[in-house]
Amino acid sequence: MKEYRLGIEATLEIIGGKWKAIIICLLMSGVKRTGELERSMPGISQKVLIQQLRELERDGLVTRHVYQQMPPKVEYSLTEYGVTANTIVDVMCTWGRDNIALRQQRGEDIVLLSDDHNDEVIL
């Protein structure tokens, strides 16, 4: 039996780490192919992206649709359950924007490349 001391432990187990919340954020705008996600996330390797997508799929947040064609085509989208993570991701985006503003006020050389509220930014 798995035990948690705090609910946040269960949340971080599912969407924690460097990439999962970003993947969820990107999929909020709709279906994406692997290459689209990879281009939107500079610094992620294809291997890590696929691994993170598979984990999100295993946890029921992402669905993968494979088209039987040549060349192969795979699309990812959020499940109905995955869409519920929007609340968490939105709060994280807002907090991140506020944090960047605070750090700028303190004189740190930091910039947010996109200030649209979808947070589809070059990372």
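What follows is a set of questions about those terms, with answers.

Modeller: This is a predicted model, in which local features need pLDDT of at least 70 and side-chain atom pairs count only at pLDDT 80 or more, while totals for chains, interfaces and linings use all residues. Residues are numbered from 1 along each chain as its sequence is written, and side-chain values use heavy atoms, without hydrogens and water.

Colleague: Why is Leu12 called exposed?

Modeller: Exposed means over 50% relative accessible area and buried under 20%, with partly exposed in between (1.4 Å probe, protein chains only); Leu12 has 51% relative accessibility, so it counts as exposed. Leu12 lies in helix H1 (residues 7-15), where helices are DSSP runs of H or I with at least four residues, and strands are E runs of at least two, numbered from the N terminus.

Colleague: What makes H2 largely enclosed by the rest of the structure?

Modeller: Seven of its eight residues are buried, so H2 is largely enclosed; the buried ones are Lys20, Ala21, Ile23, Ile24, Cys25, Leu26 and Leu27.

Colleague: Which residues touch the most other members of the largest nonpolar core?

Modeller: A nonpolar core is a set of buried Ala, Val, Leu, Ile, Met, Phe, Trp, Tyr and Cys residues joined through side-chain atoms within 4.5 Å, and among the 20 residues of the largest one, Ile23, Ile24 and Val62 touch the most other members. H2 gives the most to this core, with five residues.

Colleague: Which peptide bond is cis?

Modeller: The bond from Met70 to Pro71 is cis, with omega near -5°, and Pro71 is found in the loop between strand S2 (62-67) and S3.
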